Amino acid sequence: MVTPDARRKAVAHACASHGVSQRRACQALGVDRTSVRYRSVRPDDDNLREAMRAVAGERGRFGYRRIHTMLRRQGIVMNQKKLRRLYREEKLQVRRRGGRKRALGTRRPILVPDRVNVRWSLDFVSDAFTDGRRFWGLAVVDDFSRECLALVADTSLSGLRVTRELDALLAIRGRPSAIVSDNGTELTSMAVLKWCQQSGVEWHYIAPGKPMQNGFVESFNGRFRDECLNETLFSSLGRARSAIASWKEDYNLNRPHSALGNRSPAEFAATIPLETQAA
């Protein structure tokens, strides 16, 4: 029992559990009765706390000193000891950054696209050759038409390789408004950060541990693994690329998709202008 609050709780527990008076409990525990009967007259400072939270929410990397400065500019004056106490009670401490700088992207909720080439989803999937060596696949899906825009297989896929594949897609399809991905190392690399700045494409990262927020490409990966990867033995990278390219073509042109009214992505994309005119 160190703090006065802990002493008060101990006395209250002794009174309730053993049925003794407050005087007897204080004598047994060696607690001064005046500290037990004390009631704080400190104001709740709701307005100050709200102002601190507002500044911390707008400027997430500001510590208590800079928050103090921002509050003074708003005409809110308090000493630094009080500000530090409120800052600590509100748990506004800035987390220390660790490791290298990563691409941050946006984390606000995103809307479902209403046309093609508005938003792409991107994710990795892995499998193994017959000799046990692993290879990786990069899948890029249009969230509206469900078309697989790219399905790249290789033994290594770095952030720089991802940006090269995206550049190739942009040359063919044009620039999307946004790209969605998880927080994987390759996708939060400096290469991706630089590519976003140069291309002007907004990159949205899903919340950690929430793959359902990237459901379109996760669903695609499930079909890809079930219908291609688990059904085929790959003896080499060339064999894997050939089989994956064939499956991708069949997926886009022939495979019925339940979310598209049992049409293939190509059939659905072909009907979009007609449906728009009818509407």
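What distance separates the centres of domain 1 and domain 3, taken over C-alpha atoms? In this predicted model, the two centres are 65 Å apart. The domain assignment of the protein chain places domain 1 at residues 4-37 and domain 3 at residues 119-271. Domain 2 covers residues 45-90.

Two helices were examined for packing. Helix H4 spans residues 46-58, and helix H6 spans residues 80-89. Their axes lie 10 Å apart and form an angle of about 70 degrees. Angles of 65 to 115 degrees count as roughly perpendicular, and H4 and H6 are therefore roughly perpendicular to each other. On the H4 side, the contact involves Leu 48, Arg 49 and Met 52. These residues meet Lys 82, Leu 83, Arg 85, Leu 86, Tyr 87 and Glu 89 of H6. The contact of H4 with H6 is made up of 5 nonpolar and 4 charged residues. No polar residues take part in this contact.

Asn 117 was considered next. This residue sits in the loop between H6 and strand S1, the latter spanning residues 119-128. Asn 117 has a relative accessibility of 17%. The cut-off for buried is under 20%, so Asn 117 counts as buried. The side chain of Asn 117 makes a polar contact of 3.2 Å with the side chain of Trp 120.

Technical notes
Residues numbered from 1 in each chain as written. Predicted model: local features only at pLDDT ≥ 70, side-chain atom pairs only at ≥ 80, totals over all residues. Heavy atoms only, no water. Axes fitted to C-alpha atoms, helices over the stretch in contact; angles between N-to-C directions. Helix = DSSP H or I, 4+ residues; strand = E, 2+ residues; numbered from the N terminus. Parallel < 35°, antiparallel > 145°, perpendicular 65-115°, else oblique. Contact = heavy atoms within 4.5 Å. Nonpolar A, V, L, I, M, F, W, Y, C, P; charged D, E, K, R; others polar. Domains from an automatic or database assignment. Buried < 20%, exposed > 50% of the residue type's maximum accessible area, 1.4 Å probe, protein only. Polar contact = N/O pair within 3.5 Å; in protein donor to acceptor, adjacent residues only side chain to side chain.
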